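Subject: The structure we talked about

Dear colleague,

Please find the structure below, followed by an account of what was found in it.

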Amino acid sequence: MTEHKPEFEINEKLDANLMDHEYDGIRELDNSLPPWWLYLFYGTILFALVYVVLFFFMGKFSQEDELQAQITRAEQELAEYRAANPISIDENSVTLVSDATSLADGKATYDKLCFPCHLANGGGSVGPNFTDDYWLHGNTINDLYRIIRYGVPAKGMISWESQLSPEQMRNVASFILTEFKGKNVAGGKAPQGDLYAEGGMAAADTTAPEGEVPQQ
Ligand code: HEC
């Protein structure tokens with residue numbers, strides 16, 4: 001039996017931790033782990049302990065909190081954007097909107113604030129009928145916006161400027177013109193004002209009721 005000559009001699013001085021088993025010439029050293037590795041390992045244990053306490057017992061780092069923080073940040077950014085880019089709607093620049101979202105917003109405003117006097121179907125009670133072709137103050141989007149904004153306080157139609165944003169006033173005016181104008185609902189209030197042809201042209205625009213709203 002020939003003596004097996006290992007290619008790598010075991011350095012007895014350096015490798016004092018040689019274990020006493022051997023398989024097919026493979027021998028194992030029981031060296032201690034390098035300190036950097038050990039401290040990293042202890043570090044992860046410490047981290048896990050702290051994390052478990054914070055996460056499970058103190059309710060920190062939850063997904064809801066992170067979501068909420070992101071929503072708050074998005075809202076802030078939106079508010080900043082709106083402040084930097086104000087929507088300039090007034091009775092001169094307002095345009096009729098027809099998208100479903102704006103009209104739904106207009107309907108929501110109408111159903112909340114306007115229906116007591118103008119009725120849910122626009123037929124009118126205290127306030128005039130929106131579904132006939134007669135208008136006290138005109139039937140263009142600009143006319144409606146002006147009346148909604150400034151009101152006709154002397155006649156019982158208040159100014160909504162302080163309660164509604166420019167967009168809301170535009171949306172509710174668009175809603176009235178889209179949903180009610182020309183519908184002539186049954187049982188509607190008797191016509192008030194002047195007959196307006198389609199397109200907003202007054203047949204005889206002679207009314208100047210008291211409490212007329214300021215023109216801008
Ligand atoms: C307290 C009752 C009342 C409420 C609430 C009310 N209105 Fe009026 N509204 C009136 C009266 C009264 C007039 C008629 C004013 C006049 O005689 O000049 C009027 C007139 C109007 C006109 C002009 C109609 C025309 O013939 O030219 C518009 C448009 C209008 N209202 C929209 C609204 C909107 C939009 C709301 C809800 C945000 C609203 N009103 C809420 C009482 C009301």
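Two residues are said to be in contact if their C-beta atoms, placed from the backbone, lie within 7 Å. Of the contacts in the chain with a separation of 6 or more, 68% are between residues 24 or more positions apart. Please keep in mind that this is a predicted model, in which local features need pLDDT of at least 70 and side-chain atom pairs count only at pLDDT 80 or more, while totals for chains, interfaces and linings use all residues. Residues are numbered from 1 along each chain as its sequence is written.

The chain has five helices and four strands, where helices (H or I, at least four residues) and strands (E, at least two) are DSSP runs numbered from the N terminus. Read from the N terminus on, their order is β-β-α-α-α-β-α-α-β.

A residue counts as buried if 20 or more other C-beta atoms lie within 10 Å of its own, with C-beta atoms placed from the backbone, and buried residues make up 20% of the 216 residues in the chain. Helix H4 is mostly covered, since eight of its ten residues are buried, among them Asp 143, Leu 144 and Tyr 145. Part of what covers these buried residues of H4 is H5, and H4 is followed by Gly 151, whose phi is positive, near 70°.

How do H4 and H5 pack, at what angle and how far apart are their axes? Helix H4 (residues 141-150) and helix H5 (residues 166-179) pack at an angle of about 125°, with their axes 9 Å apart; the axes are lines fitted to C-alpha atoms over the stretch in contact, and angles run from 0 to 180 degrees between N-to-C directions. That makes H4 oblique to H5, because angles under 35 degrees count as roughly parallel, over 145 as roughly antiparallel, 65 to 115 as roughly perpendicular and the rest as oblique. Residues including Ile 141 and Leu 144 in H4 meet residues including Met 169 and Val 172 in H5.

Finally, 23 residues surround the ligand, and the closest are Cys 114, Cys 117, Gly 127, Lys 155 and Met 157; a residue is near a molecule if its C-beta atom, placed from the backbone, lies within 6 Å of it. Helix H3 (100-118) and H4 each supply at least two residues of this shell, and H3 gives the most, with six residues.

With best wishes

Technical notes:
A residue is buried if 20 or more other C-beta atoms lie within 10 Å of its own, exposed if 12 or fewer, and partly exposed in between; C-beta atoms are placed from the backbone.
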